[in-house]
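I set out to look up a few features of a protein structure and to write down what I found. These are my notebook entries, kept for a reader who is new to such models.

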Amino acid sequence: MSRSNEGVVQGSRTDDPPSGADAGRGGAGTSGEAGSDFLQLDIGRAPAGGRTEWLAGRLRAAIADGTLPAGSRLPASRVLAAELQVSRGLVTEAYQRLAETGQVSGRGRAGTVVVAVPSRAEPPAQPPAGGPRATGAGAGPVDALRALPCRIDLSPGVPDLAAFPRTAWLRAERQVLADLTPADFGYGNPQGAPALREAVAGWLARNRGIRADPGEVVIVAGVAQALALLSQVLRETGVTRLAVEDPGSLGARQQMEYGQLEPVPVPVDGAGLDVAALRASGARAVLLTPAHQFPTGVVLDGDRRRDLLGWAAEGGLVIEDDYDAEHRYDRAPVPALRALLPEAVCYAGSVSKLLAPALRLGWLLVPARHRDAVLAAKRYADLGNPVLAQLVLARLMDSGELERHLRFLRRRHRRRRDAMLRALRDRLPGARVHGAAAGLHLTVTFDGNAFEDTALASAALDLGVKCHPLSWHRFRPGPPGLVLGYASGPVAEIEEGIAVLAAALRRIRP
């Protein structure tokens, strides 16, 4: 149980809001002294000997139907007890029952606050049957889950947003603004600001071993737009089927499906993508994450790399999503495929996992034969990314600030990864851990098929913790598992989140 909930257990001052606190739509009033009129509670209707459960049930129902939305503050236990003419311990126990299921949390002098809704808002167990085209752009279980409130977010792909280098960004922004001329505020080059393209070329040379001329770099709105542009260009060249990793990123697959490319699953094992299966598939292009495979974390080994590059040299096209390759802890960097065969590899990267997804800044390198088509697609998509943010990022790259920030993040992420590994060992000793050497997430699997991982993820959400069931990212069936991000929260939150997952597993296991 989190320390914030202990105040609810003990019935101490921590659940008494300061005078003037508003309990929200529940009807607590501006004085914070709400009682029997709160939710129109009538203790006389409670069954004999069951008043605590009756009160907890009424509160639970109000949270479920939205009468008490996330962020609402419950009345202080002493106030509600006095108005209902019951002991304070009864009210405190009812609040505690909601805290144990993750629906409320003690917030010190801020009172007891609704923090999560129960299972009626659980994520869909499977991706929408109609696919992204039928459900609208970007629709799917990942987007539905992202929108839900929770106490602890262990979703993969969420970086440490609290670590954003605000001071360095503001300093660089002031320097950029001081140097801009009025003409610089006009429409920029759709390919990207020359200063950022040059900075990206230097960054890739230093960090990923890729030698590229700035003229080869296309600045895009993150890897998502890179995949959208490539989908359009591939379709125009007659490519209708795209090989994808299985398991592999559901979000990336949906992006390509929205671009009207049919995904062809290719198995991934301990050595990475099965290149023999890729050849047998007949696909002319493949999307993969070779440096740190999502979600398993395996690295495409040397033999597979040689086989893949041989396949590409024979006319295949590789789309390399280098989504978090800079985040490594226990191994040397893995060379990018683009560095080995630039004429057959489209390379996509971004700062979404390094700075923040909100910046919508990334880069795309494509073989010369596709470059004009990609530039035309980018021009007609949006006329280019906002110039000011590009110039600020270029300044951070050129000054060394971004590399300093990366070193800071590696130390911070290593501590959080280690905390998650310890918590998994202590709380879920039967789980197998994958992909710990790099990245921002771990994948855990459980032996056998005694339960559905979607049921486990749903039970965890009931208790206020978000994570991805591994089956979301699979085509073929396999052992149940979870994909757990560790970058976005402090160590104590990670430890509590794993404890909640253990409780959720006990709930659903036969």
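The entries below go from the pocket to the backbone, the salt bridges and the surface.

**Entry 1: ground rules**

I am working with a predicted model, in which local features need pLDDT of at least 70 and side-chain atom pairs count only at pLDDT 80 or more, while totals for chains, interfaces and linings use all residues. Residues are numbered from 1 along each chain as its sequence is written, and side-chain values use heavy atoms, with hydrogens and water left out.

**Entry 2: the largest pocket**

I looked up the largest pocket and noted that about 1,300 Å³ of space lies in it. A pocket, on a 1 Å grid over the protein atoms alone, is an open set of points where a 1.4 Å probe fits, with protein on both sides within 12 Å along at least five of seven lines, and its lining residues have an atom within 4 Å of a point. The volume is the space filled by probe spheres set on the points, which are joined across faces, edges and corners.

Which residues lie nearest the centre of the largest pocket? I found Arg 146, Ser 249, Gly 251, Ala 252 and Lys 353 there, out of 47 lining residues. By class, the lining has 21 nonpolar, 16 polar and ten charged residues, where Ala, Val, Leu, Ile, Met, Phe, Trp, Tyr, Cys and Pro count as nonpolar, Asp, Glu, Lys and Arg as charged, and the others, Gly among them, as polar.

Next I asked which elements supply the lining. Those with at least two residues each include helix 6 (141-146), helix 9 (222-236), strand 5 (241-246) and helix 10 (250-258), and the largest share, seven residues, comes from helix 10. Helices (H or I, at least four residues) and strands (E, at least two) are DSSP runs, numbered from the N terminus.

The peptide bond from Asp 246 to Pro 247 is cis, with omega near 5°, and Pro 247 lies in the loop between strand 5 and helix 10. The bond from Phe 294 to Pro 295 is cis as well, with omega near 5°, and Pro 295 sits in the loop between strand 8 and helix 12 (302-313).

I also noted two residues with a positive phi. Gln 260, in the loop between helix 10 and strand 6 (262-269), has phi near 70° although it is not a glycine. Leu 383, in the loop between helix 13 (368-382) and helix 14, has a positive phi of about 65°. Gln 260 is partly exposed at 47% relative accessible area, and Leu 383 is partly exposed at 45%; buried means under 20%, exposed over 50%, and partly exposed in between (1.4 Å probe, protein chains only).

**Entry 3: salt bridges**

How many salt bridges does a search of the whole structure find? I wrote down 24, a salt bridge being a side-chain nitrogen of Lys or Arg within 4 Å of a carboxyl oxygen of Asp or Glu.

Arg 476 forms one with Asp 246, the closest N and O atoms being 2.9 Å apart. Arg 476 lies in the loop between strand 15 (468-469) and strand 16 (481-485) and Asp 246 in strand 5, so this pair ties together parts that are 230 residues apart in sequence. Asp 246 is buried at 2% relative accessible area, whereas Arg 476 is partly exposed at 42%.

Asp 269 and Arg 304 meet in another salt bridge (2.9 Å, N to O). Asp 269 belongs to strand 6 and Arg 304 to helix 12, so the pair links parts that are 35 residues apart in sequence. Asp 269 is partly exposed at 34%, and Arg 304 counts as buried at 16%.

**Entry 4: a surface patch**

Last, I noted a nonpolar surface patch of about 280 Å² made by Leu 177, Phe 185 and Leu 388. Patches are made of residues with over 30% relative accessible area and no salt bridge, with like charges joined within 9 Å and nonpolar side chains (Val, Leu, Ile, Met, Phe, Trp, Tyr) within 5 Å; accessible areas come from the Shrake-Rupley method with a 1.4 Å probe, and for residues only the protein chains shown count as cover. Leu 388 is found in helix 14 (residues 387-399) and is partly exposed, with a relative accessible area of 31%.
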